[in-house]
Structures are given as structure tokens and as C-alpha cells.
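This briefing goes through one protein model by topic.

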Amino acid sequence: MSPVPRSRRKPHSEAPRDPPSPVEPTAPGIAASGDGAVAAGGDIGVAVTGDGIGVQLNATFVVPGGDMPAAAVLLLMPDGSVPRVGQLGLASLRVHPAAVPEAPADGGTVATGAFPVYVPRDCDAELDRAVAAGGLVIVEGRSAAGKSRAAAESMQRTAAGRQLLVPEDNASLAALARRPPGALRDAVVWLDDLERFWAERGLTAHLFNRLAPPGRSDVVVLATLRSEERRQLGRLGAFGDLLRLATVVRPAFHPSAAERQRAEEQRADPRIAQWLDRGGDSGLAEYLAAGPAAVDRWLAGRDGQDLVGAALVSAAVDCHRAGYHRPVPLALLRELCAHYLDPRDVHRAADLAASTAWAAEPVSGASSCLIPYGDDTFGAFDYLVDHVQRDEAAPPVPEDVWDRLLVHASGDDLTSVIGASWSDAITTGRPAVMDAALAHLGREADGEADFDKIAQLANHSFVFTGSAQDGWDWSTRFEHWLRPHVEAGNTRAMAALGVALLLGTDRPEEGEAWLRRAAAAGDDSAAADLAQVLHEAGRTDDLRTWLDAAIAADRGAVITCFAGELIRRGQPAEAERLLLRAAAAGSAAAVTGLASLAAQKGDTGAAARWYERGVALGDPTSQVELGVLLCRQGRDWERAESLLRAADDAGDPLGAYHLGVQLRPLVGRWQEALDCFRRAAAGGWRPAEAEAALMAHLRHDAVGLAEWWERVRETRDGGETVREFADRLVDVADLPAAARWYERAAGLGRADAMSRLGDVHRLRGDLPAAITWYRKAADGLDPRGQLHLGAALLESGDLAGAETALLAIMNVIETTDVRDEARRRAMLALADLYRRQGRDADAEEWLSEARRWSGRAAADPEGPRAGPQGL
């Protein structure tokens, strides 16, 4: 196979030296070195070097052949085949190269390999167990803590001989996951620096489950992650879906006494000996990677050794801090480096060749400050990124750098940059960065549905950061975001602007005008919002005129939406009068609404009459609802079955679902009911899947249930479907079975299943087990899990743990109705906790914050969502 090289390759930061490094041979063949090294010619070489990895190869990222997807660019052998564990050298796995030891005092030479002998870590046994068990294993720690080396050695010990899949980027990983379910077997997927693969189309919980299905131990996704990156990504709640699936192992940054003793046993390696004698407080991996020396070189450059080279490094570091995790083109670094130079020194950037070479020169033979990735792209040494991210006094990323990255980035890179802007807005107190990022995202909107999604994100972002920072008025910022879309004629933006002006400003007349324009353009939600505005203002005549116009135009969605709002506000009589007026004009939607209202009041006779009228008007909803109502009343079964079967025959999944519900208890009609549920599920009504599983469970059909599980777990909503089945098992009071299926749903990444499994254990009186599962949900940033963990810890008497769990809810930069409610309840719980401890001032502070949050939500009973969805 002829390899097709791609632009983003593994780093080539090692400078040639004598003896030549076995890591990146420049010609076919492998150069072996170190004790007992054996070299072989050809494209693949056996190199037993004592570094724990037995075989190395001249691999490159290429488009694979065979049964691999063409879009999955992997690190392959020269003949196009997938390597096995042990066939890739440590450098190909992105392990930091080791510093060159100082020459002996007698002037002799020291022959060493590219990497020293591995010094076993205290966490090795835990890591080996995790890798052997399969699934997602994350090795987390600071940069140069030895994460990649520990993971590589564990992989060699526990998974030798398996396929080793090293995708180039998140797009390659996503393509790999699109292989047929179960196609990947006996494999390790290696993801060094997990943040490079975390994006909308990269490693999501769903794609991970396709790579490594729950219950399979022969496939492991082995990833490394810097702790600072986890902290940054963890502020975005979606990352928690992935963390919930992972086993996390954390190597200690500073060596234990036992690790030092094991290092003493390897003192024959001069690098290890020098660390033992001179390393001071540095960790072994940190010392070997020359991390502190790289920081010193960078600072020396900024002090005058090479101002432009240091500016290039600073630009690369800040690109990573701003969420741009792929190698940065040199042209972009050249453009950005001016922001890190004194204006008097900008002219020095005219000739970058020497400064680029200075920045990319290995420090003590180990990593360079600026790591080359080929095709004139570079990335910052992650130790430097870690150094800045842990420095509270470090200056923020310049706003001009954010602006350039927003223009340069696209796809997943843009998503990552925008996510990082959230954190920047909160930590630096600069709303402009996030506002600019959201404005850029809005310009990328593709269609009405995409705009609605982005507008909702923007609104939530402004509401949340407005609550976190005094003086950040969410309505003004949201208005500024919406204006370009309004001027472009976007009716959804007009409606959102109208609501924002009504809720957050003293310009209600202007807000009403924008709602009217959106409604006139056919936006039913805007028309319903305007009706609510007129109602709340007591403008009865204007309201009647507006609703009469909606009735005349047969805009049933406007009428039923406003009627529903009246019911939620405790005005059912007024809602009924409105629906009667619309029904009299022939509105099928209003007829269905009247039937539902009658059913809610318990007047099944009136409900049946209204549904009959809806059926006469040809309303499919009335057809299904009348059939269900007749079944519940136990009368006219033949008519009910006829109505539901007609809906089923017309392709209505709700008709099929309810027909299945009615057929299930009838003798001899079990298979027919099951077929109904299957049609409903195929039509997109997911609850039907849970009913089908419940039927198999109740009939002790282990084979059928196993087949259902194998099919459902591969679907995008598989975890939610399994959780719904567990819910049904709770309904039939089978708690042991429910617990088993909640655990399976948890294995598919469902945090709500983890929380509910905690609930089951709590109901059964097992509080420690409940806390364990609540903690797993909370570790993945699930708001319900965090809240229930706090409550369970309070119940157990662990007040400090409860405080930590409740405070964690406040630290997630995400605004959804569920999380907002969890945040408000956590505030109240904290107030109660502090009052118990006699900390009245703290209690009052959190109580006031809860009141303020509740006051904002009072403008919208369903949460602070003043966006396209309306009031």
C-alpha cells in the first residue's frame, strides 16, 4: 500500500545526536541502543532497549486500507498494516524524551537509550487492573508526571499482542467509531492528551460506547489527561458524560519513598542517578523531561536571549489555553507573536527562521519549548502550558489572540475555542471574549433549528455569566448578539429580541413591536408570547383582538400555547373560554385542547365528546386519545381498537404504542402487542423499546432480552432507553432487576441511571452504596447526582463532604433548566448546612443568592430561558 501522509504528524522534537536515537530514524531500519540492544534492517526493526517497549518502527500517519474506514487516519506500519502493542516506540506514543545526562567528570562518554529504564510506579497495579478490565481508562496528572510512560508500560504488560490504534485527531477517532458495532476486537485505542480528541464530533460518550461496548474487556481506550485540562473541560458539563464512563488513575507527581527506593535500584542509569542526587523537589518524570529547564529557557528568551523565539512560544501556549489544541501553523504564530513583544521590538519578527530554530531546539536533549509537528506547524510543550495554567498571576490570553483564533478555527476547533471562552469570561472578568466567540458562532448558524440551538446557548451563557459577575447585564449583551440576525430578517431572532427587551429592559414597547413583527411573519411562539404580554398588562381589548385574529387565521398552535400558559398560571376557566371560542371557529387543535382539559378535571364524558368531535375533524391526536380513553373506561373495546389500529395503519407511532399497551394483557395477543411496540419504536417513539423489554422480562424470555440489549446498546439513545426500562422495572416493584439494568445504563454513560441506582440503594437502606453511586454521577458533573450526594452525605453526618458536593454544583459553567434548579436547591441546602454549623453570615449569603436566582427564574416559571422559546 502506498501511504498518504497527512499534515499533522507526531512531533519531531528530538535533535539528532550520537548515538542516533531509535525514536525517529531518518532512513529505513531501526537504530537500537542501550543495554542488550539488537537492531534489524528493513522498514521494521526489533529494538530491545530496556525502556520497556520491545519493538519500534518507522511509522507515520496514513489513510488505512482493508476494513478500516478511509477517514480514520491512523499511525500505521510502512506496509499499511495496523501495529501491535509493543511495535511502536515511546516517542511515537508522544512520551516526552529524556534529557541527555551530563558527561562524567573523567571526560568519558555515556551510552544511553532515548529513554531510561522504567521505574515502577505505586499506581501500576491499579492501572494494570483497569487496562485488563477494558473500557475507558484515563491516566490523569500534571504535565511531566509520567502519565504517558506509565500508560505505555501498563499496556505492554497487560495487552501485549493486541492491535494498537493511534488516531491522528478527533475526526479520525470518530471515523474509527463508525465501523460496524462490535467490529473492533482485541485492541487498544491510544489517546495521548485526551483534550485533543474531545469535541462535538470527537470522543463523545456515544462514540466511546461504539468503540468499547460495555462488558467487553478485550477493547480498552487508554487516554492521558492533564489535571488542568480536566478542570477546564469539567466546567463544561458535557465533558462529564465521558468522565462518567472512565476509570481514572492518578500517578503521584512527587515520588513516594517506595518509588525512590525503586529508583535507587536503577542508579546505574546516569539520568536516574542525577535526579536522585540533584533533582531536589522535582519528580523523576519532570526532571527527565527537562520541564523546569524548559521554563527557564522560555523566561530567558523573554528576558532578552531571544525575544521573538519566546514570543512564538507564548503564542503557542496561549493558543492551547484558548482551546485550540491542534498544532498551530507557523504563519499564525508569526501573526500572533507581535502581541507578546514590546512595540519597539516588533521589527525583530521580520526574520523568524533563527528564532523558530531557537524555540524548537531541544532543552538538554529532551523536549523543546516549541515542538515541531511537520508541515510548518508547531505546538507548545505541555509542561509550559501547565506552568501557566497553574499560575494565578499569569496574564490572560490577549483579546486580539482570541479574535484571530475565532477567525482561523473551524469545526471542532471552533467549538473548543468557544468553550474555553466561557472559562476565560469567568476567571478574568472579561465578557467581551465570550461575547465575540458567541457572535462568531451565531454567524455560522445553518438554518432555523441551528439558530434556535445557538441562540439558546447564547442566552444561557449571558444569563449565567450575568449572575456570576456584577454589572454584566444579560439583556444588553443578548440584544447586541441578536441585532445582526434581526437586521438580516431572521424571525426567530426578532422573537427572541422582543422577549429580551420585555424581560430585561425598560423598553417594553420596542419589545412588543419586535414580537408583532415576528408573529406577522408566521412565528407562532412569538404570537403566543405577545398574547401573554397583553394579558399580563391587563390590555383586555388588545388581547381579544389579537386572539380573534389568530382564531380567524386558524393558528391553533397560538391558541393552545397561550391556553396552556393560562392553565399553568392557575386560570383554567379563562383558558377554557378561549379554547371554546377557537373550537366554535372549527379549530381542531382547540378541540383537542378542550378534551385534554376535561380529562384533567376528571370529566371523562366531556373529554370523550370533544375527542369524538376532533375525530370528525380529522385530527390524528384525537383519534389516538379517544381510543386510549375508551380503553381506560373499559367500554367499547372494539371501537377503541379500531381507532388505535387506524392510527397505527396510518403510521402514527403513538397509535402503535397505545395499541400495544392495550393488547399486552390480553390472552393470546402477546406477539401482536410486541409487534406494535416494535413498530412504535421504529417510528421514533423510544418508550416503546422499554415496553418491549419489559414484556421479555415478565415472560422470562432471557434470549429475547439479550437480543434487545445487544441491539439497543449500540444506538445513540441506548443508555436512555435502558434507563427507561429500569424505570419500568421500578414501576412493577422489581428493585433487584431495576438495579441491574440501571447499572447497565450507567455503563452506557447515563448519569441519571447512576443517580437512580443510588436512589434504589437508598430505598433498600444501603446508604454507603447509594453514596458510591451518587458520587459517580457527581464526578461526571451530573446536577442531580451532585445534589443527592450532598443530601446523602448530610444524612450520613459527613458535613464537610456535603459542603464540597454542594459547592461543586456552582462551579459548572452550564445553564440548563435542570442544572439551574439543582443550583438553586444547592444554595438552599448550603444555607441550611451553614446555619446548623452556626455560620449565620454564610447561611444568609447563600439564602440571599437563592432568592436572587429564584427571582430571576420567576420571570419564567420554567427557568431563565428568555430566548427563541419565548416567555
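In what order do the three strands of the open sheet stand, and is the pairing parallel or antiparallel? The order is β10-β12-β11, and the pairing is antiparallel. This is a predicted model, in which local features need pLDDT of at least 70 and side-chain atom pairs count only at pLDDT 80 or more, while totals for chains, interfaces and linings use all residues. Residues are numbered from 1 along each chain as its sequence is written, and side-chain values use heavy atoms, with hydrogens and water left out.

**Sheet**

- β10 (328-329) and β11 (370-374) are the edge strands; each has a single partner strand, so one side of each lacks a neighbour in the sheet. Two strands pair if DSSP finds at least two bridges between them.
- Four bridges join β11 to the antiparallel strand β12 (residues 377-380).
- Across these two strands, Pro-372 stands opposite Phe-378, and Gly-374 stands opposite Thr-377.
- β11 and β12 make a hairpin with two residues between them, and Asp-375 in the turn has a positive phi of about 55 degrees.
- Four of the five residues of β11 are buried, so the strand is largely enclosed by the rest of the structure. Buried means under 20% relative accessible area, exposed over 50%, and partly exposed in between (1.4 Å probe, protein chains only).

**Overall figures**

- The protein has 41 helices and 12 strands, taken as DSSP runs numbered from the N terminus (helices H or I, at least four residues; strands E, at least two).
- Of its 871 residues, 56% count as buried.
- The accessible surface comes to about 35,600 Å², and 51% of it belongs to carbon and sulfur atoms; areas come from the Shrake-Rupley method with a 1.4 Å probe, and for residues only the protein chains shown count as cover.
- Among contacts (heavy atoms within 4.5 Å) with a separation of 6 or more, 64% are between residues 24 or more positions apart.

**Nonpolar cores**

- The largest nonpolar core has 137 residues, and Leu-384, Phe-478 and Trp-481 touch the most other members. Such a core is a set of buried Ala, Val, Leu, Ile, Met, Phe, Trp, Tyr and Cys residues joined through side-chain atoms within 4.5 Å.
- Helix α11 (residues 307-321) supplies the largest share of this core, nine residues.
- A second, separate core of 30 residues includes Val-82, Leu-173, Ala-174 and Val-189.

**Helix α28**

- The 14 residues of α28 (residues 620-633) should span 20 Å at 1.5 Å a residue, and the end C-alpha atoms are 20 Å apart, which agrees; the expected span is 1.5 Å times one less than the number of residues.
- Its buried residues, among them Val-624, Leu-626 and Leu-630, pack against α26 (588-600), α27 (604-616), α29 (637-649) and α30 (653-663).
- Just after α28, Gly-634 takes a positive phi of about 70 degrees.

**Aromatic pairs**

- The structure holds nine aromatic pairs. Rings of Phe, Tyr and Trp (its six-membered ring) pair if their centres lie within 6.5 Å; planes under 30 degrees apart count as stacked, over 60 as edge-to-face and the rest as tilted.
- Trp-709 and Trp-741 form an edge-to-face pair, 5.9 Å centre to centre with 75 degrees between the planes.
- Trp-709 lies in helix α33 (residues 702-712) and Trp-741 in helix α35 (residues 735-747), 32 residues apart. Both are buried.
- Trp-708, Trp-709, Phe-725 and Trp-741 form one aromatic cluster.
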